[in-house]
Amino acid sequence: MDVRRVKDYLYWLYYQYQLVTCSYVLEPWEQSMFHTITVTVLAMVVYTAYVFVPIHVRLALQFFSQIFGS
């Protein structure tokens, strides 16, 4: 893969992100605050899903196996 094409593609993705979130109209300090909050919230969602989803899936499987029999 060409490094320039990858760089252009990543720049295009970042540009699309700015267009979707309308963060291109913010001042630089507002952009940094917005991106920091966005990354923090996304990290918390991923961590919560990583920790709690397997537990809930296991409990759901136990519940349904008791209802329908093993």
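The UniProt annotation "transmembrane region", from an unreviewed entry, covers residues 32–53. UniProt positions are given here in the numbering used for this model, feature names are shortened, and annotations may be inferred rather than shown by experiment. Over residues 32–53 the chain is 100% helix and 0% strand, and the end C-alpha atoms sit 31 Å apart.

A quick word on what you're looking at. This is a predicted model, where local features need pLDDT of at least 70 and side-chain atom pairs count only at pLDDT 80 or more, while totals for chains, interfaces and linings use all residues. Residues are numbered from 1 along each chain as its sequence is written, and side-chain values use heavy atoms, with hydrogens and water left out.

Now zoom out. The chain has two helices and zero strands; helices (H or I, at least four residues) and strands (E, at least two) are DSSP runs, numbered from the N terminus. The radius of gyration is 21 Å, well over the 11 Å that the globule rule gives for 70 residues, so the chain is more spread out than a compact globule. That radius is taken over C-alpha atoms, and the rule is 2.2 Å times the number of residues to the power 0.38. Along the principal axes, the C-alpha atoms fill a box of roughly 60 × 35 × 15 Å.

How much of the chain is buried? Of its 70 residues, 6% count as buried. Buried means under 20% relative accessible area, exposed means over 50%, and partly exposed is in between (1.4 Å probe, protein chains only). The accessible surface comes to about 6500 Å², and 72% of that belongs to carbon and sulfur atoms. These areas come from the Shrake-Rupley method with a 1.4 Å probe, and for residues only the protein chains shown count as cover.

Let's walk along from the start. Helix α1 spans residues 3–21, and Tyr14 and Tyr17 both lie in it, three residues apart, about one turn of the helix. Tyr14 is partly exposed at 37% relative accessibility, and Tyr17 is partly exposed at 27%. Next, in the loop between α1 and α2, comes Cys22. Phi of Cys22 is near 60°, a positive value in a residue other than glycine. For comparison, most residues other than glycine have a negative phi.

Helix α2 takes in residues 28–68, and Val41 is found there. Val41 is partly exposed, with a relative accessible area of 42%. Together with Trp29, Met33, Ile37, Met44 and Val45, Val41 makes a nonpolar surface patch of about 630 Å². Like charges are joined within 9 Å, and nonpolar side chains (Val, Leu, Ile, Met, Phe, Trp, Tyr) within 5 Å.

Pro54 lies in helix α2 too. Pro54 and Glu27 are 27 residues apart in sequence and 41 Å apart in space, C-alpha to C-alpha.

Finally, the rings. The structure holds four aromatic pairs. Tyr14 and Tyr17 have ring centres 6.2 Å apart and planes at 35°, so that pair is tilted. Rings of Phe, Tyr and Trp (its six-membered ring) pair if their centres lie within 6.5 Å; planes under 30 degrees apart count as stacked, over 60 as edge-to-face and the rest as tilted. Ring pairs also link Phe63, Phe64 and Phe68 into a cluster.

Conventions
Patches are made of residues with over 30% relative accessible area and no salt bridge: like charges are joined within 9 Å, nonpolar side chains (Val, Leu, Ile, Met, Phe, Trp, Tyr) within 5 Å. A salt bridge is a side-chain nitrogen of Lys or Arg within 4 Å of a carboxyl oxygen of Asp or Glu.
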